[in-house]
Amino acid sequence: MGKDSFKSNNPRYVAVRILEEITFNDKIFDDFLFQGDFVKLSPQDRDFCHFLVMGTLKRILLIDFLIKKVSNFSFKKINPFILSLLRISVFQIFFSERIPAYAILNEAVEIAKGKFKGKKYIINYVNGILRKIAEIEDIFSFLDKNCEDENIKFSIRLNIPQFLLERLLKSYDKVEIERFFSKAFNPPIYYGVVNKSKVKRSNLTEVLKRKEIDYIEIEDDLFAFKDVKVIKPLIEKGFLFLQDISIYNFFKNLELKFKKVLDLCAAPGGKSFQINIRFNPHAIFAVDKSFERLMVMKRRIDMLEFKNIYLISGDCGNLRFLREKFDLVFLDVPCTSTGTYRKNPEVFLRVDESKIDEMKKIQFKFLEEASSWVKRGGCLIYSTCSLLRDENDDMVEEFLKKGFSYKLVDKYNSFPMVIDGIGFFASILRKD
Ligand SMILES: C[S@@+](CC[C@H](N)C(=O)[O-])C[C@H]1O[C@@H](n2cnc3c(N)ncnc32)[C@H](O)[C@@H]1O
């Protein structure tokens, strides 16, 4: 360890830098997948670095509670790099069994020394805090003893920001909330839908077995995987596309007939692909504002060899460039993405009251606009990957109250879930 600890090829140092970027500069983990020090790590170290960052984010409220309790220094004034180093180290001390506490502490001090040469007070601070924390035997009993408010304790234990918990408690009880958020501590599961137009199911299972890839057959055309990297070559060949099980189940149970579909906010394409495979419509017109995301969608369409999906770069707040109405309009609005927390724990760092208000305005505007492009008797599906009633049921209720000539046909909500999927909401509306 020692001298080598402060280096860009050290997975802990890289994890600290990535955590700092995510928590202080609004980055997401995916931003580091193809560039910078992360790419230079060995595959094993990359996994370890990913585990450290994601694990720390999923325990950040508890970790911060501890640091605040033992630190004499104002929490808000702790240097971002040092706070990230402390957070990762505390996560390792309590939630990673690989390394003993004294080794974690020594390495943290070496990293601090390398970064802040000569600044002894910083090095002593890191050393002091981690020493005190390493003496705590059980982190959860520590929380119990040092926090009296039951709701705050619940929020810290499950890593749900306080204001978000208050909103969730308006729709769900604590048992339901605990069920989802306890599961969310586990790594996400990846689901792949089989593209039977390119590969026979039996041939695919043969390849999976030959390559010794672990998988579970969930449905005839839906497989679950623990690791997404190992199936990348199969995705590139167009044999599979990634799709969450909550979304898959929604489409599986959807009983609708339509020929022409307008998919709004469509990129990078998961819902279009699912509609295509399940219903085989004549055409899907997919609109999105982000050129970058449309390019990703285009690449995926080429891999899957779908010939009936047409991409349109446009603003869903104003669709006047369209020339006709559709049997089905699917609107998958931008949202707080709180339902994807298990895979993207960063989402909780970004959500606050003002973000929810901002999202609601956009969602209502898109819903209003989308509703003009459905044929009479046709359907409008409004969906989000949010856990919040504000963005889901409330939005649809508000829309119906405003007197648009639509009727609610059905609603689907995968939260609180019994399956290992994301939180996904969809509402089916029929135009009179
Ligand atoms: C929830 S994601 C869509 C996911 C997609 N439906 C899928 O299944 O892969 C929301 C999308 O809304 C798009 N978006 C945001 N503002 C938009 C706007 N004003 N007009 C069109 N698309 C927009 C984003 O680029 C993003 O791709």
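How many nonpolar, polar and charged residues does the shell around the ligand have? Point 2 takes this up.

1. Basis. This is a predicted model, in which local features need pLDDT of at least 70, side-chain atom pairs count only at pLDDT 80 or more, and totals for chains, interfaces and linings use all residues. Residues are numbered from 1 along each chain as its sequence is written.

2. Ligand shell. The shell has six nonpolar, four polar and six charged residues. Here Ala, Val, Leu, Ile, Met, Phe, Trp, Tyr, Cys and Pro count as nonpolar, Asp, Glu, Lys and Arg as charged, and the others, Gly among them, as polar. There are 16 residues around the ligand, and C265, G270, K289, S290 and D332 come nearest. A residue is near if its C-beta atom, placed from the backbone, lies within 6 Å of the molecule.

3. Domains. The assignment gives domain 1 (2–146), domain 2 (187–242) and domain 3 (247–431). Such bounds come from an automatic or database domain assignment. The centres of domain 1 and domain 2, taken over C-alpha atoms, are separated by 35 Å.

4. Helix 1 with helix 5. Helix 1 (residues 11–25) packs on helix 5 (residues 80–95) at about 120 degrees, with the axes 8 Å apart. Helices (H or I, at least four residues) and strands (E, at least two) are DSSP runs, numbered from the N terminus. Axes are lines fitted to C-alpha atoms, for helices over the stretch in contact, and angles run from 0 to 180 degrees between N-to-C directions. The two helices are therefore oblique to each other. Angles under 35 degrees count as roughly parallel, over 145 as roughly antiparallel, 65 to 115 as roughly perpendicular and the rest as oblique. Helix 1 contributes R12, A15, V16, L19, E20, T23 and F24 to the contact, and helix 5 contributes P80, F81, S84, L85, R87 and I88. Contact means C-beta atoms, placed from the backbone, within 7 Å. By class, these residues are eight nonpolar, two polar and three charged.

5. Helix 18 with helix 19. The axes of helix 18 (residues 353–371) and helix 19 (residues 393–401) come within 11 Å and cross at roughly 45 degrees. That makes helix 18 oblique to helix 19. K360, Q363, F364 and L367 of helix 18 meet M395, E398 and F399 of helix 19. This contact has four nonpolar, one polar and two charged residues.

6. Backbone points to check. Most residues other than glycine have a negative phi, and most peptide bonds are trans. The A267 to P268 peptide bond is cis, with omega near 5 degrees. P268 lies in the loop between strand 5 (260–264) and helix 15 (270–279). E212 has a positive phi, near 55 degrees.

Note on methods. Two residues are in contact if their C-beta atoms, placed from the backbone, lie within 7 Å.
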